[in-house]
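Hello,

Please find the structure below.

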Amino acid sequence: MKNLTSRQQEILTVALDLFYKKGFADTSMRDIAEVMNVKAASLYAHIKSKEEIMEWISDDVSNRFMKRYNDLKNPNLSPLEKVKILVVNHLTAMYNNVKMFDVFFTNIYRLKVDFKEQHIYLDRINFYKDLAEEVIREYLLSLGLKDDENLMLTTKFSLNVLNNVYRYIPEENFDLEKHIRFLQNVLLYGVIGKK
């Protein structure tokens, strides 16, 4: 994440909680100020706008997902090694801050909340998504699944499972090692029934 002052970090924490509960559109600067017990005008000494907070969130989320991007492109790794890296990277990025992940994907990625330079973050996430699908597809092909509509559906289904696991396993119940092993097994063996 960009270098934030301690006050900006405090604003981010409060805003993130409100965006997560109410959504970006239904959260005002006044709401943020009220929770912080300050006047809304005083927030502008630390941030330009509510959209700037979304830029901070987008920067953090896209950086976390792109962390292993080059590893996933490494031609020297097998499809199995790549899909294992993908699962670890995806779950680690997501569970590093579930609220931030949810706010980004709900408000920026799906609802397209507009702010300056938004396209940079959307492009980065789309590069990652395309590569993640390619990694899953290559793995399934390596196991003998034919290159057809079933492969496309299985690939998209697998990525959808990874994207939404936080909705089914609350943060407090999430065990990184245990759930990485479980989801790797689901993706590696469960989807096409081979081991």
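N97 caps the N-terminal end of α7, with a side-chain oxygen 3.4 Å from the backbone nitrogen of K99. The model is predicted: local features need pLDDT of at least 70, side-chain atom pairs count only at pLDDT 80 or more, and totals for chains, interfaces and linings use all residues. Residues are numbered from 1 along each chain as its sequence is written, and side-chain values use heavy atoms, with hydrogens and water left out.

Helices are DSSP runs (H or I, at least four residues), numbered from the N terminus. α7 has a kink of about 25°, centred on F104; the bend is the angle between axes fitted to the seven residues ending at a residue and the seven starting there.

Of the 13 residues of α7, 10 are buried, so the helix is largely enclosed by the rest of the structure. Buried means under 20% relative accessible area (1.4 Å probe, protein chains only). Among the buried residues are F101, F104, F105 and Y109. The buried residues of α7 pack against α1 (6–22), α4 (50–66), α6 (79–96), α8 and α9.

The largest pocket holds about 290 Å³ of space. A pocket is an open set of points on a 1 Å grid where a 1.4 Å probe fits, with protein on both sides within 12 Å along at least five of seven lines; lining residues have an atom within 4 Å of a point. Of its 16 lining residues, Y109, K129, E133, L159 and N163 lie nearest the centre. α7 (98–110), α8 (118–142) and α9 (149–168) each supply at least two lining residues, and α9 gives the most, with six.

Regards

Conventions: Points joined across faces, edges and corners; volume = space filled by probe spheres on them. Buried < 20%, exposed > 50% of the residue type's maximum accessible area, 1.4 Å probe, protein only. Contact = heavy atoms within 4.5 Å. Polar contact = N/O pair within 3.5 Å; in protein donor to acceptor, adjacent residues only side chain to side chain.
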